[in-house]
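Me: I have a protein model open and would like to go through it one part at a time. Could you help me read it?

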Amino acid sequence: MVAHRKPVGILAWAGKHAQMVVGYYGLSGDPFATDKAGKFTNAFTVAGFYLADPLRSQALVNARVSYATLKSSNNLKLRFRPYLEKDSPYDEWYGKFVIIAPIR
């Protein structure tokens, strides 16, 4: 999101649904910091994200969701969980966190 200034899609509900992370808040550190070898240090954190859901019934439009909620909420519609769909032709996704990130 920082590099391309575009939203990131996430496969939510363990792969049963798609949502969009449209922003973030509470950035601490420099996401572009590199070490002497030129590799990113990933020495930054965010407090949370803005989540949008295409399902009108979810009423999530730019909903402010903390990192802690996205990581471990009991509300499974807000929690980002590993992909668990078994009918996908993409077996390598199973059990992994899947995002759809822009590349330019």
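Me: Let us start with A14. Is it buried or exposed?
Reply: This is a predicted model. In it, A14 has a relative accessible area of 4%. That value is under 20%, the limit for a buried residue, so A14 counts as buried.

Me: Where is A14 found?
Reply: A14 is in the loop between β1 and β2. Its phi is positive, at about 60 degrees, although A14 is not a glycine.

Me: What about R5, what is its phi near?
Reply: Phi of R5 is near 55 degrees, which is a positive value in a residue other than glycine. R5 lies in the segment before β1, which covers residues 8-12.

Me: And is R5 buried or exposed?
Reply: R5 has a relative accessibility of 77%. The limit for exposed is over 50%, so R5 counts as exposed.

Me: Now Q19. Which strand is it in?
Reply: Q19 belongs to strand β2, residues 17-25. Q19 is buried, and its relative accessible area is 3%.

Me: With which side chain does the side chain of Q19 make a polar contact?
Reply: The partner is the side chain of D53, at 2.9 Å.

Me: Which other residues does Q19 touch?
Reply: Setting aside residues up to four places away in sequence, Q19 touches several residues, including V8, W13, L51, P54, L60 and K77.

Me: Changing topic: which residues form the largest nonpolar core?
Reply: That core has 10 residues: I10, V21, F49, L51, L60, A63, V65, L70, L78 and F80. The elements that give two or more residues to this core are β5 (48-52) and β6 (63-66).

Me: Why would nonpolar side chains be buried together?
Reply: In soluble globular proteins, nonpolar side chains tend to be buried together.

Me: Which residues is F80 in contact with?
Reply: Apart from its neighbours within four places in sequence, F80 is in contact with I10, L11, L70, F97, V98 and I99.

Me: Last topic: how many salt bridges are there?
Reply: The count is 1 salt bridge. The side chains of E85 and K16 meet in it, at 3.3 Å from N to O.

Me: Where are E85 and K16 in the chain?
Reply: The pair links distant parts of the chain, 69 residues apart. E85 is in the loop between α1 (67-72) and β7 (99-100), whereas K16 is in the loop between β1 and β2.

Me: And is K16 buried or exposed?
Reply: K16 is exposed, because its relative accessible area is 60%.

Key. Residues numbered from 1 in each chain as written. Predicted model: local features only at pLDDT ≥ 70, side-chain atom pairs only at ≥ 80, totals over all residues. Heavy atoms only, no water. Helix = DSSP H or I, 4+ residues; strand = E, 2+ residues; numbered from the N terminus. Buried < 20%, exposed > 50% of the residue type's maximum accessible area, 1.4 Å probe, protein only. Polar contact = N/O pair within 3.5 Å; in protein donor to acceptor, adjacent residues only side chain to side chain. Contact = heavy atoms within 4.5 Å. Core = buried A, V, L, I, M, F, W, Y, C linked by side-chain atoms within 4.5 Å. Salt bridge = Lys/Arg side-chain N within 4 Å of Asp/Glu carboxyl O.
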